Amino acid sequence: MKIQERTGAGAGRPAAPAQPSVGDRLPTPPRERKPALAALAVLLILVGALGATMLVLQAGDRIEVVKVTEAIPAGGSVNSSNTTSVMVAKDDSIHYVEWTQFNELKKLKAVNAIPAGVVAVGEMFGSEAGVAAGKATVGLSLKAGQYPTGIKQGDTVAAYRVSSASGSSNGNGNSSSSASSNSVIADNARVSYVPGPKDSGDEIVGSTNLAVTLTVDSDKAADLAQAASNGEVALVKVPGTSGN
């Protein structure tokens, strides 16, 4: 009897909601595949890897070459003061002057004016530099005091004839000396060559003279050469475009 009553008492309670089984869940829509985007991503990865490889290869295939740091006029030469070395990517189509060839390059002349900041190539230099029509180059060997300090290639200078002659004794029996009349030989000469401060090999060992080459008008060349041979030339720097 008690068993039946308990069963009857539980019959009036509401039944608990049944939980859906795993098999009763709603199906999810399938994901849309995009093969084009996947292929593009793979292509970008390959391109990036190839670019990085090329950069590594180029960085490893570099050479040390000559770079002009100061303008070199036509007929001028390179020296330790107007050049430096830089690293560039090797390119067989460009005739770079490698730094190992610097000593040989010092013996050549600039065919035309070379501006500062460019990398030297073989076509810029030759054994003979063309001199403009109506111009001539004259070599001088000057002592200290006959040229301004800091003179360099490209400077504009005036060349003066300077000399002194001993005078005869005057009425008091005292000898006197008077300077001869100084004259301008060339008032607009261009310095084509002068050794740099580090180019000790360009000067004769034991000599204190400075070798300077000037480009002057042709009609001034003979007078300048004659005065230079007598040691009667002094240079004065005048306003002009320096280093060109």
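Among contacts (heavy atoms within 4.5 Å) in the protein chain between residues at least 6 apart in sequence, 70% join residues at least 24 apart. This is a predicted model, in which local features need pLDDT of at least 70 and side-chain atom pairs count only at pLDDT 80 or more, while totals for chains, interfaces and linings use all residues. Residues are numbered from 1 along each chain as its sequence is written, and side-chain values use heavy atoms, with hydrogens and water left out.

**Whole chain**

Show the protein chain as a cartoon: its secondary structure comes to four helices and eleven strands. Helices (H or I, at least four residues) and strands (E, at least two) are DSSP runs, numbered from the N terminus. Switch to a surface, and the accessible area is about 16,400 Å², with 55% of that belonging to carbon and sulfur atoms. Accessible areas come from the Shrake-Rupley method with a 1.4 Å probe; for residues, only the protein chains shown count as cover. Of the 244 residues, 25% count as buried. Buried means under 20% relative accessible area, exposed over 50%, and partly exposed in between (1.4 Å probe, protein chains only).

Display both side chains: a polar contact of 3.4 Å joins T156 and R190. A polar contact is a pair of N or O atoms within 3.5 Å; within protein, one must be able to donate a hydrogen and the other to accept it, and residues adjacent in sequence count only if both atoms are side-chain atoms. T156 counts as buried because its relative accessibility is 4%.

To find one of the bridge positions, pick V191, whose partner in β10 is L214.

**Salt bridges**

The structure holds three salt bridges, each a side-chain nitrogen of Lys or Arg within 4 Å of a carboxyl oxygen of Asp or Glu. Side chains of opposite charge can pair when their charged atoms come close.

Start with D217 and K135, whose side chains meet at 2.7 Å, N to O. This pair links distant parts of the chain, with D217 in β10 and K135 in strand β5 (residues 135–142), 82 residues apart. D217 is partly exposed at 34% relative accessible area, and K135 is partly exposed at 33%.

Then select K152, D155 and K237, which are linked in a network of salt bridges. D155 meets K152 at 3.7 Å, N to O, and the closest N and O atoms of D155 and K237 are 3.7 Å apart. The latter pair also connects distant parts of the chain: K237 belongs to strand β11 (residues 233–237) and D155 to the loop between β5 and β6, 82 residues apart. D155 counts as buried at 0% relative accessibility, whereas K152 is partly exposed at 30% and K237 is partly exposed at 43%.

**Helix α2**

Finish at residues 35–60, helix α2, where L40 lies. L40 is partly exposed, with a relative accessible area of 44%. Select L37, L40, L43, L44 and V47 together: they form a nonpolar surface patch with about 490 Å² of accessible area. Patches are made of residues with over 30% relative accessible area and no salt bridge: like charges are joined within 9 Å, nonpolar side chains (Val, Leu, Ile, Met, Phe, Trp, Tyr) within 5 Å.

How values were computed:
Pairing = 2+ DSSP bridges.
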